[in-house]
Amino acid sequence: MARFTRSQLLAQALRTPLIPVFYHAEAAYAKDVLRACYEGGVRVYEYTNRGPEAFAIFSELQTFVEAEYPDLLLGAGTIYTPQDAERFIEAGADFIVSPVISAEVAAVCKRHDLAWLPGAQTLNEIYQAIQLGADLVKIFPASHLGPAYIKTLRGPLPHVPLLVSGGVQPQDLADWFGAGASCVSIGSQLLPADGPGGLSARVAELLRQIEKARA
Ligand code: 3PG
């Protein structure tokens with residue numbers, strides 16, 4: 001049973017619009033990173049299905065989040081198949097992120113009344129994602145498209161919630177939000193090279209920058 005409704009996911013993603021994207025095969029390290037992000041103000045977090053241990057670690061993280069951080073939405077990312085969507089939802093995923101548009105994954109999320117965030121690039125893909133029930137459309141890989149592309153999309157699509165992801169650099173956040181991003185995901189560029197030590201402060205600073213850019 002999902003802990004959050006689809007509209008709660010969307011509202012929270014717009015309130016704290018930095019969504020870390022993370023995978024690590026060790027539960028203790030994955031928890032440290034999640035804790036640091038939470039302490040920095042993150043309330044929506046994506047753990048990706050990118051390794052053989054992903055499901056076991058996700059299940060552990062989910063139990064941890066439910067006990068320690070009940071106001072954090074923990075989603076499962078890199079979900080291509082309805083089977084994976086089912087098992088991560090069963091394990092407590094609060095939302096599902098897919099790199100592509102899959103009508104089967106969309107149908108599973110719909111049946112569970114759970115938020116679905118598929119990847120898309122073109123107007124046709126974004127439209128198709130919305131028609132299939134996407135709550136937020138993930139524009140991926142965003143660095144390849146650039147902020148000007150988001151700005152152009154905002155002409156015909158003024159109201160579709162857009163999550164910008166893939167190659168986003170922390171120093172470019174003002175450009176992405178200035179162009180019309182609703183929220184951003186950052187993966188590889190978020191974690192300082194020396195580990196999660198300075199991560200809370202970094203995340204808090206990025207959330208402040210986003211707030212400033214949206215003011
Ligand atoms: C994603 O799935 O959105 C990306 O892996 C995040 O990309 P990044 O690591 O380049 O930020």
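This is a predicted model: local features need pLDDT of at least 70, side-chain atom pairs count only at pLDDT 80 or more; totals for chains, interfaces and linings use all residues.
Reader: How many residues does helix H3 have, and what should they span?

Author: Helix H3 has 15 residues, 54-68, and at 1.5 Å a residue they should span 21 Å. The end C-alpha atoms of H3 are 20 Å apart, which agrees.

Reader: Which residues of H3 are buried, and where do they lie around the axis?

Author: In general, an α-helix has 3.6 residues a turn, so residues three or four places apart point the same way. In H3 the buried residues are Ala-54, Ile-57, Phe-58, Leu-61 and Val-65. These cover an arc of only 100 degrees around the axis, which puts them on the same side of H3.

Reader: What covers the buried residues of H3, and which exposed residues does the face turned away carry?

Author: The cover includes helix H2 (27-39), strand S2 (44-48), strand S3 (73-77) and helix H4 (82-90). On the face turned away from the buried side are the exposed residues Ala-56, Thr-63 and Ala-67.

Reader: Which residues are around the ligand, and how do they divide into nonpolar, polar and charged?

Author: Among the residues around the ligand are Val-21, Gly-77, Phe-140, Ser-165 and Gln-189. The shell comprises four nonpolar residues, eight polar and no charged.

Terms used
Residues are numbered from 1 along each chain as its sequence is written. Helices (H or I, at least four residues) and strands (E, at least two) are DSSP runs, numbered from the N terminus. The expected span of a helix is 1.5 Å times one less than its number of residues. A residue is buried if 20 or more other C-beta atoms lie within 10 Å of its own, exposed if 12 or fewer, and partly exposed in between; C-beta atoms are placed from the backbone. The arc is that of the directions from the helix axis to the C-beta atoms. Two residues are in contact if their C-beta atoms, placed from the backbone, lie within 7 Å. A residue is near a molecule or strand if its C-beta atom, placed from the backbone, lies within 6 Å of it. Ala, Val, Leu, Ile, Met, Phe, Trp, Tyr, Cys and Pro count as nonpolar, Asp, Glu, Lys and Arg as charged, and the others, Gly among them, as polar.
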